[in-house]
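This briefing is meant for someone opening the structure for the first time. Please look over the sequence and the model below before reading the points that follow.

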Amino acid sequence: MAPRLLNKIAMKLFCGLTLIAGCLLFPTTAAALPDAGEEGLFCSAAIRVALGSVDERFQLGREELVEEIREAARLWSDAIGQPVVVYDEEEGIPIHFIYEDQQELTDQERELRERIERAGDHVESLERILRTKEEAYQDAASRYEAESGALERRIESLNQWVRKINEKGGFNEDELRQYHYRKQGVDRTAGELEARKEWLLETGEELKERVDELNRLIIDKNGLIDQYNVRFSGVHYMTQGIYEWNATDRVIQILQFADRDALKLVLAHEIGHALGIEHVEDEEAVMHRTTGSRPTGQLRLSSADIDALRAVCR
């Protein structure tokens, strides 16, 4: 028996994979969607979708994926206030999660990017600690220098006074008591300054070690960035999802997504095709061929998406 010919609409991801890169959804030359006469009037009854097979390498549980599909379905139904897509485990269009080289590349890219982000966080944390310690060290060093200078002036003043007393023939009892009192003050201050000098030397060595550690971390981070750019720079074309149909069968394949937000977009896009919607021109639309201008955060249909849905549901 000859294989059935399936129509396809493929969604491709175009990524300039550098450390800071935007991604675009880029279409293949797609076959036209069937019109109402081929499958019956779209939206006269809700289309049904269901989770199909899932490659375990996506590391997402079936319950999680079912909820993502339900959310993508609700996005279209809520837009016009009627159930145009519903989840039906028994009779729904199967949505298969197919793990291929492009998803493996995406996972590797994400893992390395996360390592770079963690390394960056470690560097920033150590930099903050060092700034605080260095400020305290510099403040203590400035006070030490000022008080050391004051002590030297006290010692010089005491020595001048001693020389004058000696030139007059020596100390009397009262002058001797005064000398001992002043010398005790000098010795006490000198001892305190000596302890602070030891603290400054130890802290200076500790700061030097932490600076060396910081420099090693920066070198390691830069090494990861170089590794990232060698492995992932340039242009890569990746098919994210495919909607296929013929007279008797329909199926959606999910092939690649970077994170849960990207998964919601791919699901909503392919379900849109299952509803009979082709690509629209609004760059912020779910059904646009690119994602470069779409706002980040919660996924929403644009007015162009809603107009396209109403057009196939009229």
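Just after H2, Gly-81 takes a positive phi of about 70 degrees; helices here are DSSP runs of H or I with at least four residues, strands are runs of E with at least two, and both are numbered from the N terminus. This is a predicted model, in which local features need pLDDT of at least 70 and side-chain atom pairs count only at pLDDT 80 or more, while totals for chains, interfaces and linings use all residues. Residues are numbered from 1 along each chain as its sequence is written, and side-chain values use heavy atoms, with hydrogens and water left out.

- H2 has 19 residues and spans 28 Å from its first C-alpha to its last, close to the 27 Å expected at 1.5 Å a residue, where the expected span is 1.5 Å times one less than the number of residues.
- The buried residues of H2 include Leu-65, Ile-69, Ala-73 and Trp-76, and Glu-68 and Ser-77 are also in that list; buried means under 20% relative accessible area, exposed means over 50%, and partly exposed lies in between, with a 1.4 Å probe and protein chains only.
- Among the elements that cover the buried residues of H2 are E3, E4, E5, H5 and H6.
- In the loop between E3 and H2 lies Gln-59, which has a positive phi of about 55 degrees although it is not a glycine.
- Because its relative accessibility is 71%, Gln-59 counts as exposed.

**Overall make-up**

- The protein has six helices and seven strands, and along the sequence they follow the pattern β-β-α-β-α-β-β-α-α-β-β-α-α.
- Of the 314 residues, 39% count as buried.
- The protein exposes about 18300 Å², of which carbon and sulfur atoms supply 48%; these areas come from the Shrake-Rupley method with a 1.4 Å probe, and for residues only the protein chains shown count as cover.
- Among contacts between residues at least 6 apart in sequence, 72% join residues at least 24 apart, a contact being heavy atoms within 4.5 Å.

**Confidence in the model**

- The average pLDDT is 82, and 80% of the residues score at least 70; pLDDT is the predictor's confidence in each residue, from 0 to 100.
- Over residues 1–32 the pLDDT stays under 50, and the model has 107 contacts beyond four places in sequence for them.
- Residues 34–41 also have a pLDDT below 50, and this stretch has nine contacts in the model beyond near neighbours in sequence.
- Where pLDDT is low, the predicted coordinates should not be read in detail.

**Nonpolar cores**

- The largest nonpolar core has 49 residues, of which Trp-76, Val-85, Phe-97, Ile-254 and Leu-309 touch the most other members; such a core is a set of buried Ala, Val, Leu, Ile, Met, Phe, Trp, Tyr and Cys residues joined through side-chain atoms within 4.5 Å.
- Elements giving two or more residues to this core include strand E3 (47–54), helix H2 (62–80), strand E4 (85–87), helix H5 (260–274) and helix H6 (303–313).
- H2 gives the most to this core, with nine residues.
- Apart from this core lies another, of 11 residues, among them Ala-140, Tyr-144, Trp-161 and Val-186.
- Leaving aside neighbours within four places in sequence, the contacts of Val-85 include Ala-46, Val-49, Trp-76 and Ile-271.

**Helix H5**

- H5 has 15 residues and reaches 21 Å from its first C-alpha to its last, close to the 21 Å expected at 1.5 Å a residue.
- Because 13 of its 15 residues are buried, H5 is largely enclosed by the rest of the structure.
- At the start of H5, a side-chain oxygen of Asp-259 reaches to within 3.2 Å of the backbone nitrogen of Asp-261.
- Just after H5, Gly-276 has a positive phi of about 105 degrees.

- Tyr-144 is placed in helix H3 (residues 101–167), and it counts as buried because its relative accessibility is 16%.
- Beyond its neighbours within four places in sequence, Tyr-144 is in contact with Leu-193, Arg-196, Lys-197 and Leu-200.
- Asp-101 also lies in helix H3 and is exposed, with a relative accessible area of 64%.
- Asp-220 is found in helix H4 (residues 173–232), and at 48% relative accessibility it counts as partly exposed.

Terms used
Polar contact = N/O pair within 3.5 Å; in protein donor to acceptor, adjacent residues only side chain to side chain.
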